[in-house]
Amino acid sequence: MRNTYRIEVFWRGGVDGRAVALLEQLTQLGIDTVNGTDVSNLYFLRGPLTPADVEQIATELLTDPVVEGYRWDIITVSKATTSEEQTIEVGFHPGVTDPVATHLYHRVALLGISGLEAVTTGTRYRFMGSITAEACHRIATELLCNDVIQTYTLGEMMPEFVPDAAPSDRVDVIPIRRLGDDALTRLSIERVLFLSLDELQAIQEAFEALDRDPTDVELETLAQTWSEHCLHKTFKSPITYRCTGGMPRAGKPQAMPKDGEEKIPGLLETYLQAATRQVAKPWVRSAFVDNAGIIDFDATYELSFKVETHNHPSALEPFGGANTGVGGVIRDVIGVSARPIAATDVLCFAPLDMPNVEVPSGTLHPRRIARGVVAGIEDYGNKMGIPTVSGAILYEDDYVANPLVYCGCVGIAPRGSHPRDPHPGDVIVVLGGRTGRDGLHGATFSSAELTHETGTTVGSVVQIGDPITEKAVMDAVVQARNEELYSAITDCGAGGFSSAVGEMGEQVGVDVDLQNVPLKYPGLRPWEIWLSEAQERMVLAVPEANLQRLGEICRIYDVEWTVIGRFTGDQQLRVRYGDQIVADLPMALVHEGWPRTTLEAVWDPPDLPAPQIGSETCLCAVLMQALAHPDVASKEEVIRRYDHEVQGATVVKPLVGRVNDGPSDAAVLKPLMTSGMQGFALGCGINPHYGRIDPYAMAWAAVDEALRNVVCVGADPEKVALLDNFCWGNPALPDRLGSLVRAAQGCYDAALAFAAPFISGKDSLNNEFVDAHGNKRTIPPTLLISSLGIVPDVRTTPTMDLKAAGNLIYLVGETRAELGGSLYHRLHGGLQGLPPAPVPDALQTFRALHHAIEHGLIRALHDLSEGGLAVTSAEMCIAGRLGLEITLSSMVRGPGVRDDATALFSESNTRFLVEVPPNKAGDFEAALTKLPWARLGRVIERPTLRICGLGDAVVLEANVDDLRRVWQSVEIV
Amino acid sequence: MSRPRVLILQATGTNRDGDTAFAVAQAGGIPVVLHVNQLRGKPSHLHAHQMLVLPGGFSYGDALGAGRLLAIDMRWLFEEALAAFVAKGKPVIGICNGFQALVKSGWLPGPPDGPARATLTRNVSNRFECRWVWLAANPDSPCVFTRDLSDPITCPVAHAEGRFVPRDEVALTRLQDAGQIALTYQALDGRDPSYPDNPNGSTADIAGICNDTGTILGLMPHPEDHVLPEQHPRRTRYEEGNLGLPLFTQGIRYAAGI
């Protein structure tokens, strides 16, 4: 008989942190009649087990005898319908990745217990006090269960297992040649292809020429390969661009006549790749070609860096979306044969206190998204043992339906150890996770706009990661690389095998048999196997002679490996399922067959709300508001949930200062494996508010900030590589594309001015949401610039915390009346104004500061960004637990800076606040010859920030401890 | 004195093996990193080494509780070999996940055949936390790793399940009486440590314990991540010292003498 056993493991060890945290969350929901909760783990085992077996499993595998107890039962249908209003039980949908269940399944076999057929897990929540069924439903839907991956029951749940299924070899032929335009469009919608009519017609023509109709495998392959996500059509297509205003491009005063028209061959080529070519840094090893950009580190090692986004999945299932986002970018780095050594993350959410009525239906509340995303990053990065060292979190209303999750990863490898040359005859090996239905249509789905129904129609695209499988894959790949066992490698990301095998074999041709692919459960149709985006898989090209050794390595690290095909040399993409050929396409059609269309782009300067600023503003109160703004507030609560110390390389931590709570400008790492004292710094620049005014200014400011950050911690400004990540709206709309053009132009101009190459980039478009009423909402154009800079000697790096009373304080850089998009204006309800303008000779300032750092002239250094001089000086005081006395009247300033608020809160580019010991003042000033600088004051022992205004009277005086308390007591997750 | 061979035992999901190998080399040992699967069927490999380290990480993803599945591996794959290794007095240190495995397998507080006397469970804060802590060694402990350790150690913790809970008062008293509480969390200013000095809510601020003979040590914090002056979080404020390195140096010196 096929029994299902239910084992509940409950807590009996006194205070349980899980239960306490849940109670707090109930209070936040406004449910205050519950006075206690408890949380238990549930395990469901199906199979002919004996009571003794169940007892043994519970005691040996499931229960900690010191703090836990267990009870078990056989599930019967009648019992499972018991309704208990005081409890909620949550389980996974069948097929959702559940590593605990997988481990339990295998361990039971090792206990010598046979017959176990299936395992699934769940969680039981019990509430003490009075609570209605309605409140239980609310708790379940708003806190405990996401119906994209889970299901809940009030009372005892009935576990769901993956249904039994026979293997399927069913392949449909799609009679595309017969279809008219309407039918083509319908086909695209029904199969979730997200292909345009142009593209469908191109496919139609290609198959006319082949004199047959495509199989479902072929059609899906083309849809994936041609998706925006995989192909980046918008960045490769020609554009006709018009603009009607905005700041002139730096160095091009008469850039475009008003209402003129510009033909742009392609954003990627014209602006990003061109910049890298023209900057021509000899240390760039690979830019825009591989899975990650690569630069030289020293004579022995190279560094790779990639930043990805995982926005759409994170909107639907925040934990799984962010989790697999981290996993995906780590695989990009493994995919250039490197060992991952650092992770970064930049997150954009709607404000956490957004009222429920403002959250569109079909969208999760920002608080829930933020918590899930942070937990997902924590889970993957920590378990992989990769330190998460750098990042930012921003909050803005328009991220409500489209949160942004940028995940980055840095890797290290011996120079030149990444092979990229699959040979005919090499076998195709898949390494790591098994293939399931998870993530079908991920590539096409992430290339489309979200709607209020997306969660229900494409729920299968969202997955949970399994970091330990990826960790094992990473160890095996590094070992295989060291032994030179493979001739090419890539990761399985969006588009699954279709994309990975298709791209790897582009120049050679491949022959794959899908019947060999190891599956999580039977029943997948061939196209599903080919398209699945199941996580934690790498694809390698391996000379046959090396297979045995590869197998030995995989056995050591517990990695499953399978030969699924061969590289052929005939330039065909051929896919079989056993004896049946299910796809047979020329590589040229797959990779080059997509129709190029000229896109329309227009940029008009926008009308923006003006800030409402009273005349009697108290600057101290404004500073407090700035510090209490979640963009500026301490991110310590999040940073500490990421392991930023593992691998022993983090020499400048994300938190610095007297009690390790100051916000470091950037992290510095010195890998244990490298010799000497050279390290590298990771920074980032991002400010969507400037982008609302002018994306060109935003791009410059982001590049300037990304460079400032790493220069602050000692990076050599001549050795900084940049990454671009564009998150935009629908590029088919000319205004969205127009702003993208302006941002790309800003990237190009800034990269040239700073002589900093782009080595990698990615775009995530269609970040739009259509609600139930058809209203469209888009994100502000958001450009993230990430920076990777070489630090010649990590022992010379300063940090941003004030060090000692009596030291002098300098402001380097010119302050101009640039409050457009600033935090100061946002605090006053408007954006309008001049955004920070480019500083074309900023590199000279960076060089001078670097020289001063190398000569030990600087004790503390912090850049000025959001909140300007006021916030920077407050942060330095807080981090050092010291005071400052400064006077604004001596600052180098533009003609528009006539009041203290502008002087304190302007966000002009290329500015730094610097602490210098008096005996180094002469040398420091000499280092800054011909550059804008001023001595503003000094560090004092008394913990007070005291600022004299342009008229020399005291305009702001605040106790540093008060500033700290405000800055540290903001809800950020 | 020859340099002892120190076995750093990896399991799938272990991730501080590299940091640990570096610390061992820095302390004068020869680090040998092996995967548990390489001991499968060949437990005698253990005896080619003078010291054993179970490093930090997430063995088996902490599925079914941190350290539990690795503890089962230890019992099934090389229990006898490990018992012989310990019986010879060869030192064993488990850090973070390694400590969890030593506790879940019963080697700590020991003896492994009795009922569990203590556990490591979820932090009171209910979250993973990475932060630097201060550790003081118990001068009355028989622990061979903390012997002659007079300066406090500062190093990071990075865990979600590091709260040390003895089974009951009796178990705690027994640990105290036998000097098995080798390391405790400290507050810098001499106050009784509270959160976050004690980062996880451990009973009696226990950061590390040893077995009754002092040759097996387990601790939650990561001394292997503070073995170089550059790793100090306040190096730019000219703070230095209080390295975690002496724990390894002491253990390796002891191992070399066996």
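A:Asp724 has A:Gly761 in β30(A) as its bridge partner. That pair is a handy way into this predicted model, in which local features need pLDDT of at least 70, side-chain atom pairs count only at pLDDT 80 or more, and totals for chains, interfaces and linings use all residues. Residues are numbered from 1 along each chain as its sequence is written, while chains are lettered from A and ligands numbered from 1 in the order in which they are written. Helices (H or I, at least four residues) and strands (E, at least two) are DSSP runs, numbered from the N terminus.

- Strand β29 (residues 720-727) of chain A pairs with β30(A) in the parallel sense, over six bridges; two strands count as paired if DSSP finds at least two bridges between them.
- As background, strands of a sheet pair through backbone hydrogen bonds, either parallel or antiparallel.

**Helices on that sheet**

- Chain A is assigned domain 1 (4-154), domain 2 (204-231 + 419-594) and domain 3 (799-973), with bounds that come from an automatic or database domain assignment.
- The centres of domain 2 and domain 3 of chain A, taken over C-alpha atoms, are 52 Å apart.
- Helix α29 (residues 868-880) and helix α32 (residues 960-968) of chain A pack at about 100°, with axes 9 Å apart.
- The two helices are therefore roughly perpendicular to each other, a label for angles of 65 to 115 degrees, whereas those under 35 count as roughly parallel, over 145 as roughly antiparallel and the rest as oblique.
- In this packing, A:Ala874, A:Cys877 and A:Ile878 of α29(A) meet A:Val960, A:Leu963, A:Arg964 and A:Trp967 of α32(A); contact here requires C-beta atoms, placed from the backbone, to lie within 7 Å.
- By class, that contact has six nonpolar, no polar and one charged residues, where Ala, Val, Leu, Ile, Met, Phe, Trp, Tyr, Cys and Pro count as nonpolar, Asp, Glu, Lys and Arg as charged, and the others, Gly among them, as polar.
- Strand β36 (residues 883-887) of chain A pairs with β38 (residues 933-940) in the antiparallel sense over four bridges, and A:Gly883 stands opposite A:Ile940.
- β36(A) also pairs with β39 (residues 944-948) of chain A, in the parallel sense over four bridges, and here A:Thr887 stands opposite A:Cys948.

**Where chain A meets chain B**

- 51 residues of chain A are in contact with 45 residues of chain B.
- The largest share of the chain A side, five residues, comes from α4(A).
- That side divides into 23 nonpolar, 11 polar and 17 charged residues.

**Chain B itself**

- Chain B has six helices and 11 strands.

How values were computed. Axes are lines fitted to C-alpha atoms, for helices over the stretch in contact, and angles run from 0 to 180 degrees between N-to-C directions. Two residues are in contact if their C-beta atoms, placed from the backbone, lie within 7 Å.
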